[in-house]
Amino acid sequence: SQAPKAVKARVGYLPEVPPLYPTMAVGDYVAFAARIRGVDNPAAAAARTLDRVGLGSVRDRIIDNLSKGYRQRVGLAQALVHDPELLVLDEPTSGLDPAQRKEIRDLLLELAAGERTVLLSTHVLAEVEAVCERVIIINGGRLVATDSIAALAQSSHHVRLRVARPEPDLLQRLEALPAVESVSPEREGGLRVVAS
């Protein structure tokens with residue numbers, strides 16, 4: 001981009017490990033993030049954002065004294081405080097317990113329902129199914145599929161297998177698997193397995 005500052009002003013980012021200052025109070029940290037982003041009235045923006053992500057009651061607590069779930073919310077607050085058009089989240093529920101995962105999922109659904117695009121990077125299929133409308137699958141740095149979850153679930157997929165010491169009945173055993181549609185030998189001893 002020719003204007004990186006303008007682009008950054010429209011993007012909020014939450015890495016897998018949130019960039020927190022553990023000795024700061026929650027409210028001070030989020031206001032600090034707002035000042036860095038050039039937000040008018042950082043304290044008011046921080047207060048609004050903390051209420052939005054369910055941290056209003058802990059705004060005066062030191063970050064290091066919070067549970068992992070609350071620290072994750074603080075990271076989300078710093079990514080949201082400037083009201084970005086695009087929110088990029090990398091494994092936002094990593095390491096959280098099931099109740100905390102559900103809370104973060106619900107919050108993400110709420111955020112995505114507004115005037116904002118939420119881009120979620122995860123390897124957890126349950127997260128994708130619970131939160132996402134569209135899926136982009138990248139393998140080895142290459143785009144291999146993009147569609148709605150429903151369309152991807154209905155399509156067939158194939159993999160190539162190379163087995164070092166195949167059992168004599170390997171093809172029949174693979175074909176007997178419930179989701180496997182076909183198995184065919186390929187050159188150099190590989191197998192092409194098509195599954196639904």
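Biologist: How many bridges pair E1 with strand E2, and in which sense, parallel or antiparallel?

Modeller: This is a predicted model, so read each feature as a prediction. Strand E2 covers residues 86-90. E1 and E2 pair in the parallel sense, over four bridges.

Biologist: Now strand E4. What is the sense of the pairing between E4 and strand E5?

Modeller: Antiparallel, over six bridges. Strand E5 spans residues 142-148, and E4 spans residues 134-139. Two residues lie between the strands of this hairpin. In that hairpin, Gly 140 takes a positive phi near 60°.

Biologist: Which residues of E5 stand opposite Val 135 and Ile 136?

Modeller: Val 135 stands opposite Asp 147. Ile 136 stands opposite Thr 146. Keep a general idea in mind: in a regular strand the side chains alternate between the two faces of the sheet.

Biologist: Is Ile 136 buried or exposed?

Modeller: Take the relative accessible area and compare it with the cut-off. Exposed means over 50%. Ile 136 has 54%, so Ile 136 is exposed. Ile 136 also belongs to a nonpolar patch on the surface, together with Ile 138 and Leu 143. Together they have about 330 Å² of accessible area.

Biologist: And Val 30: buried or exposed?

Modeller: Buried means under 20%. Val 30 has a relative accessible area of 0%, so Val 30 is buried. Val 30 sits in helix H2, residues 26-36.

Biologist: Which residues does Val 30 touch, leaving out those up to four places away in sequence?

Modeller: Ala 46, Leu 50, Val 74, Ala 77 and Val 81. Take Leu 50 as a case. Val 30 and Leu 50 are 20 residues apart along the chain, and their C-alpha atoms are separated by 8.0 Å.

Biologist: On to charges. How many salt bridges are there?

Modeller: The count comes to eight. One of them joins Glu 127 and Arg 101, with the closest N and O atoms 3.0 Å apart. Glu 127 lies in helix H6 (residues 125-131) and Arg 101 in helix H5 (residues 98-112), so this pair ties together parts that are 26 residues apart in sequence.

Biologist: Where does Glu 127 stand on accessibility, buried or exposed?

Modeller: Glu 127 is buried, at 2% relative accessible area. Arg 101 counts as partly exposed, at 22%.

Biologist: With which other arginine of helix H5 does Glu 127 pair?

Modeller: Arg 105. Glu 127 forms a salt bridge with Arg 105, and the closest N and O atoms are 3.0 Å apart. Arg 105 lies in H5 and Glu 127 in H6, so this pair ties together parts 22 residues apart in sequence.

Biologist: What is the closest N and O separation between Arg 173 and Asp 169?

Modeller: 3.8 Å, in a salt bridge. Arg 173 is partly exposed, at 49%. Asp 169 counts as partly exposed too, at 35%.

Terms used. Residues are numbered from 1 along each chain as its sequence is written. This is a predicted model: local features need pLDDT of at least 70, side-chain atom pairs count only at pLDDT 80 or more; totals for chains, interfaces and linings use all residues. Side-chain values use heavy atoms; hydrogens and water are left out. Two strands pair if DSSP finds at least two bridges between them. Patches are made of residues with over 30% relative accessible area and no salt bridge: like charges are joined within 9 Å, nonpolar side chains (Val, Leu, Ile, Met, Phe, Trp, Tyr) within 5 Å. Accessible areas come from the Shrake-Rupley method with a 1.4 Å probe; for residues, only the protein chains shown count as cover. A salt bridge is a side-chain nitrogen of Lys or Arg within 4 Å of a carboxyl oxygen of Asp or Glu. Buried means under 20% relative accessible area, exposed over 50%, partly exposed in between (1.4 Å probe, protein chains only). Contact means heavy atoms within 4.5 Å.
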